[in-house]
Amino acid sequence: MNTILIVEDDKILREELSLFLRNNGYQTKIIEDFEHTLELIVAEDADLLLLDINIPGVNGAYLCREIRRQSSVGIIMVT
């Protein structure tokens, strides 16, 4: 089963994305700890990352570069 990691600060959107993906056969994991986002993403064994680049207190462009450098997960950035 494919695992999709969701990093989104909007709780309703995060839950709706997760529900939609689970209903379509995907396993989802959610990251809500934005202080340790990079460490948590790198530690997860996900196939795909849905990343909100406008997370409060996090530079989305920097985070994306570091994820690509430290992980093999595929990334889709959402605004």
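Start with helix α1: select residues 11-23. The helix has 13 residues. From its first C-alpha to its last it reaches 18 Å, close to the 18 Å expected at 1.5 Å a residue. Keep in mind that this is a predicted model.

Next, colour Arg14, Ser18 and Leu21 in α1. These residues are buried. Now look down the axis of α1. How do its buried residues lie? They fall within an arc of 70°, so they line one face of the helix.

What do the buried residues of α1 pack against? Show β1 (3-7), β2 (27-31) and β3 (48-52), for these strands are their packing partners.

Turn to the other side of α1. Select Ile12, Phe20 and Asn23, which are exposed there.

Now visit the two ends. At the start of α1, show Asp10 and Ile12. A side-chain oxygen of Asp10 comes to within 3.0 Å of the backbone nitrogen of Ile12. After α1, click on Gly25. The phi of Gly25 is positive, near 90°.

Last stop: Asp47. Find this residue in the loop between α2 (37-43) and β3. Is Asp47 buried or partly exposed? Asp47 is partly exposed, with a relative accessible area of 46%.

Terms used. Residues numbered from 1 in each chain as written. Predicted model: local features only at pLDDT ≥ 70, side-chain atom pairs only at ≥ 80, totals over all residues. Heavy atoms only, no water. Helix = DSSP H or I, 4+ residues; strand = E, 2+ residues; numbered from the N terminus. Expected span 1.5 Å × (residues − 1). Buried < 20%, exposed > 50% of the residue type's maximum accessible area, 1.4 Å probe, protein only. Arc of directions from axis to C-beta. Contact = heavy atoms within 4.5 Å. Polar contact = N/O pair within 3.5 Å; in protein donor to acceptor, adjacent residues only side chain to side chain.
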